[in-house]
Each structure stands twice: as structure tokens, then as C-alpha cells.
Amino acid sequence: MHYFNVLIVDDEEDFLETIIKRLNKRQVDASGALSGEKALELLKEKTFDVVILDIKMPGGMDGIEALAEIKKIQPLAEVILLTGHASVETSIEGMRLGAFDYLLKPIKLDDLLKKIAQAIEKKDVHDQKIRSAQIKKLLKYW
Ligand SMILES: [Mg+2]
């Protein structure tokens, strides 16, 4: 039984597979994408609670471009950025664009799990606010 949906976007295949396996063991339904483009395809098909997004990806779309598109497709998904020491500035920019937080690579699984839990907690509070506003609206017109 999985309770949470998490998408990990990273161009390092070994890293991606390891993290997915470990998350799947811990009641997290983890999916992976090796590029920003692939991530956007998945986000159009399925709702995710949290997206873990590598800032540095070679080729097409970089992390910041991907972040902007992710927020357009699923504004309620919380995004955690993965960054190297050289790209902390980019993570700060990412948080201005709506990312929840960032983690420095190499990441420890425990830190990632904690961060995912915090992101889900924040999302839950937000989801509840939206739901109670919808209920108020409903009561007003019935
Ligand atoms: Mg990378």
C-alpha cells in the first residue's frame, strides 16, 4: 500500500533507480524521469504530491525551466530541488519560483525522507484550506 506519490527527476540513472527502490519500500509510490521533458509527460498523466527535481540536467530543459513548467501543470505539487554546491544560487531562484526547498548533493536518504514528509505536510495544510473554502462556497449556494 502506497500513500504518497513522488516523482524524481534526475539525469543520473543509477541515482534515480536507487532512490526509487528505497522510497517504494517506505510506502511511497515513486516514479522517475531522466529529463525535464519526460517529467512533464508524466505530470500530465498522474497527480504527484512531491516532485524531486535535479537542477543540473544536460541537454534540453534545465531544472529551473522544468520547475516553471511543473508549476503550470500541477501548481499544488511541492517541488524539492537537488543541487550541487556550485548551483545554490539557482536553488534560491527556484524557491522564488515556488519550490518548497532544496537539498545539497550528495543527499542522505534520511534527509530526503524528512524533506518529503515536510513537503507533504505543507501540501496537506494547503489542500485543506482549498477544501474548506469549497465547502463554504457550497453551503452558501445550497
Ligand atoms: Mg544532474
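Student: Where is the place of Ala-66 in this structure?

Tutor: In this predicted model, Ala-66 sits in helix α3.

Student: What makes Ala-66 count as buried?

Tutor: Set the value against the cut-off: a residue is buried if 20 or more other C-beta atoms lie within 10 Å of its own. Ala-66 has 27 C-beta neighbours inside 10 Å, so it counts as buried.

Student: Which residues does Ala-66 touch, not counting those up to four places away in sequence?

Tutor: Ala-66 touches Val-9, Gly-36, Ala-39, Leu-53 and Met-61.

Student: How do you know that the buried residues of α3 line one face of the helix?

Tutor: Start with the names: Gly-63, Ala-66, Leu-67 and Ile-70 are buried in α3. Seen down the helix axis, they fall within an arc of 105°, so they line one face of α3. These buried residues pack against β1, α2, β3, β4 and α4.

Student: What puts the buried residues of α2 on the same side of that helix?

Tutor: Gly-36, Ala-39 and Leu-43 are the buried residues of α2. Their arc around the axis is only 55°, and therefore they are on the same side of α2. They pack against β1, β2 and α3. The face turned away from this buried side carries the exposed residues Glu-41, Lys-44 and Glu-45.

Student: Why is α3 called roughly parallel to α4?

Tutor: The two helices pack at an angle of about 10°, with their axes 10 Å apart. Angles under 35 degrees count as roughly parallel, so α3 is roughly parallel to α4. The contact is made by Gly-63, Ile-64 and Leu-67 of α3 together with Thr-90, Glu-93 and Gly-94 of α4. As for handedness, α3 passes α4 in a right-handed crossing.

Student: Is Leu-23 buried or exposed?

Tutor: Leu-23 belongs to helix α1. It has 23 other C-beta atoms within 10 Å, and the cut-off for buried is 20 or more, so Leu-23 is buried. Leaving aside neighbours within four places in sequence, Leu-23 is in contact with Val-6, Val-28 and Ala-30.

Student: And is Gln-27 buried or exposed?

Tutor: Gln-27 is found in the loop between α1 and β2. A residue is exposed if the count is 12 or fewer; Gln-27 has 10 other C-beta atoms within 10 Å, so it is exposed.

Student: What is the phi of Gln-27?

Tutor: Phi of Gln-27 is near 60°, a positive value in a residue other than glycine. For background, most residues other than glycine have a negative phi, and most peptide bonds are trans. Pro-106 lies in the loop between β5 and α5.

Student: How many residues does the largest nonpolar core have?

Tutor: The largest nonpolar core has 31 residues, and Val-6, Val-9 and Leu-53 are among those with the most contacts inside it. Elements that each supply at least two residues of this core include β1, α1, α2, α3 and α5.

Key:
Residues are numbered from 1 along each chain as its sequence is written. This is a predicted model: local features need pLDDT of at least 70, side-chain atom pairs count only at pLDDT 80 or more; totals for chains, interfaces and linings use all residues. A nonpolar core is a set of buried Ala, Val, Leu, Ile, Met, Phe, Trp, Tyr and Cys residues joined through C-beta atoms within 7 Å. Helices (H or I, at least four residues) and strands (E, at least two) are DSSP runs, numbered from the N terminus. The arc is that of the directions from the helix axis to the C-beta atoms. Two residues are in contact if their C-beta atoms, placed from the backbone, lie within 7 Å. Axes are lines fitted to C-alpha atoms, for helices over the stretch in contact, and angles run from 0 to 180 degrees between N-to-C directions. Angles under 35 degrees count as roughly parallel, over 145 as roughly antiparallel, 65 to 115 as roughly perpendicular and the rest as oblique. A crossing is left-handed if the near helix is turned anticlockwise from the far one by less than a right angle, and right-handed if clockwise.
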